[in-house]
Amino acid sequence: MSDTTTVSDGVVTVDGVPTGLFVDGDWRQASGGGTFPVRDPSTGTVIAEVADATADDAMAALDAAVAAQDDWAATPPRTRYDLLRRTFDLVHEHADDLAALMTLEMGKPLAESRGEVVYGAEFLRWFSEEAVRIGGDYRTNPEGTGRAIVLKRPVGPVYAITPWNFPLAMATRKIGPALAAGCTVVVKPADLTPLTTLFLAELFRRAGLPHGVLNVVTTTDAKAVSEPVLADPRLRKLTFTGSTPVGSALLKQAADNVLKTSMELGGNAPLLVFDDADLDRAVDAAMLAKFRNVGEACTAANRFFVQEGIADAFSAALTARVEELRIGRGTEDGTTLGPLIDERAVDKAARLVDDAVERGARLVTGGHRIDRPGTYYAATVLDDVQPGSDILSTEIFGPVVSITRFATEDEGIRMANDTEFGLIAYAYTSDFARGQRLAERLETGMLGLNTGVVSNAAFPFGGVKASGLGREGSHEGIEEYLESVYVLTPDPFAG
Ligand code: NAD
């Protein structure tokens with residue numbers, strides 16, 4: 001550990017992590033002087049007091065981003081590469097600090113936080129490489145009478161709103177491509193987990209970030225702080241990751257100024273296991289797809305659909321693995337399942353499990369709160385979950401497996417598609433043609449075919465239906481921050 005966090009006997013302390021607002025290259029207090037507490041969900045104790053921005057602070061951040069926009073857009077791509085690449089290196093140098101910080105403010109086990117550091121940093125490296133490869137086009141018109149040049153320009157100042165569940169990666173997935181494209185950014189992280197983003201901004205500062213190019217405002221009043229930013233015509237892009245209801249409300253606000261938008265919203269992932277699946281691998285993947293991040297992932301398997309011939313064996317094998325999970329503080333050695341983010345999350349898991357049981361599901365294991373300080377819910381398996389149960393239509397965001405059985409491929413696909421969401425699906429089968437049919441018929445932006453984790457900076461992450469608009473990662477990710485300008489010229493050979 002270096003200058004940010006100390007882990008000793010499972011107790012983590014935060015030193016040197018900025019707690020102010022990052023505006024125009026400097027740290028400052030909120031204009032009203034307000035602060036709010038950040039809590040460790042594994043104990044409920046306050047770990048830091050962070051500046052509580054007002055709308056005026058957010059507008060100062062937007063002013064800074066607007067002032068820096070033209071110079072940043074004109075910066076050589078190699079300079080943008082250098083900044084992102086230096087920050088990538090700094091993130092790795094501070095991997096232990098960032099991991100401890102994420103575990104501290106979000107609760108997941110340290111090993112998973114370390115995994116997020118690697119994943120989150122990758123967006124900085126990937127988009128540093130994209131910065132120097134932004135393309136254009138030169139075409140002859142179909143009539144042969146003219147030539148078109150198509151050039152790419154940064155869309156302009158960006159407002160980025162991020163959720164609490166992946167405090168580092170959800171920020172880098174937006175800041176990386178925005179800065180690479182030549183856009184300046186104001187980020188508003190979730191108030192439950194602001195410290196990681198603040199520390200990331202500090203690493204950008206140390207890497208040589210020009211003033212105003214990246215700004216961070218932390219607040220407990222996301223709506224009041226965001227509204228004037230979104231209403232300001234100088235803002236040109238909104239990128240949001242979070243729940244579908246909030247995303248939908250933000251889209252309405254963004255409509256007033258016809259903002260370019262990217263929306264990474266909620267999920268309700270099906271995980272299909274067919275009779276011909278490799279059972280052991282399917283169980284391994286199911287554990288990852290369900291319990292990674294304490295189940296608090298938009299990609300978390302929410303609805304398990306298991307074909308009748310393998311269902312008993314799958315349910316028994318999965319339950320045995322679930323019962324091996326060790327609940328505890330994320331900082332404790334051996335912990336494989338941390339606390340949920342807050343009391344509301346525990347209440348939600350409990351309510352969904354109770355509802356499913358009332359409607360006829362079998363509670364195989366778990367199904368209760370854990371009596372210890374912090375906000376814990378037992379790893380739970382429900383089998384024979386009945387149609388109409390809330391758990392089938394609601395994003396659980398907790399460590400609860402919900403199994404429903406199906407007979408035929410058609411029935412499995414129909415059940416999987418029976419949701420407003422379409423972020424990701426998982427399927428286990430040894431029949432490749434079936435896998436191809438699933439890829440063509442499942443209503444999803446991503447499919448994990450015989451694998452339980454798909455996230456990778458090199459590939460396009462995003463959903464269909466109510467799960468969102470646009471893609472993050474891959475070469476597609478930078479397009480979200482660019483716009484095409486088409487220039488028509490006469491045929492240079494015509495007299
Ligand atoms: P949330 O929608 O409650 O909050 C997300 C962010 O929006 C936070 O920063 C919050 O402060 C802010 N916010 C809330 N109301 C706002 C308003 N009126 N105006 C402006 N900002 C506002 O979501 P959450 O609980 O932080 O995150 C969990 C959700 O995020 C889940 O639905 C999950 O599926 C989704 N998620 C999606 C992806 C993806 O890539 N599709 C990734 C991670 C999380």
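Me: Which side chain meets Asp 40 in a salt bridge?
Reply: The model is predicted. A salt bridge needs a side-chain nitrogen of Lys or Arg within 4 Å of a carboxyl oxygen of Asp or Glu. Here the N to O distance is 2.8 Å, and the partner of Asp 40 is Arg 329.

Me: How many salt bridges are counted between domain 1 and domain 2?
Reply: Domain 1 covers 5-265 + 468-484, and domain 2 covers 269-456. Asp 40 and Arg 329 form a salt bridge, with Asp 40 inside the bounds of domain 1 and Arg 329 inside those of domain 2. Between domain 1 and domain 2 the count is one salt bridge.

Me: How many residue pairs are in polar contact between domain 1 and domain 2?
Reply: A polar contact takes a pair of N or O atoms within 3.5 Å. Both residues must also be at pLDDT 80 or more. The count between domain 1 and domain 2 is nine residue pairs.

Me: Which helices and strand each supply at least two residues of the side of domain 1 that touches domain 2?
Reply: By class, this side of domain 1 has twelve nonpolar, nine polar and six charged residues. The elements that each supply at least two residues are strand S2 (11-14), helix H3 (95-106) and helix H4 (110-131).

Me: What area is buried between domain 1 and domain 2?
Reply: The C-alpha centres of the two domains lie 30 Å apart. The contact takes 27 residues from domain 1 and 28 residues from domain 2. Carbon and sulfur atoms give 59% of the buried area. That area is about 2,100 Å².

Me: Where does the salt-bridge partner of Arg 434 sit?
Reply: The structure holds 32 salt bridges. One of them joins Arg 434 to Asp 276, with the closest N and O atoms 3.2 Å apart. Arg 434 is in helix H14 (residues 432-441), and the pair is 158 residues apart, linking distant parts of the chain. Asp 276 sits in the loop between strand S14 (269-273) and helix H9 (279-291).

Notes: Residues are numbered from 1 along each chain as its sequence is written. This is a predicted model: local features need pLDDT of at least 70, side-chain atom pairs count only at pLDDT 80 or more; totals for chains, interfaces and linings use all residues. Side-chain values use heavy atoms; hydrogens and water are left out. Domain bounds come from an automatic or database domain assignment. Contact means heavy atoms within 4.5 Å. Buried area is the accessible area (1.4 Å probe) that two parts lose on being put together, summed over both. A polar contact is a pair of N or O atoms within 3.5 Å; within protein, one must be able to donate a hydrogen and the other to accept it, and residues adjacent in sequence count only if both atoms are side-chain atoms. Helices (H or I, at least four residues) and strands (E, at least two) are DSSP runs, numbered from the N terminus. Ala, Val, Leu, Ile, Met, Phe, Trp, Tyr, Cys and Pro count as nonpolar, Asp, Glu, Lys and Arg as charged, and the others, Gly among them, as polar.
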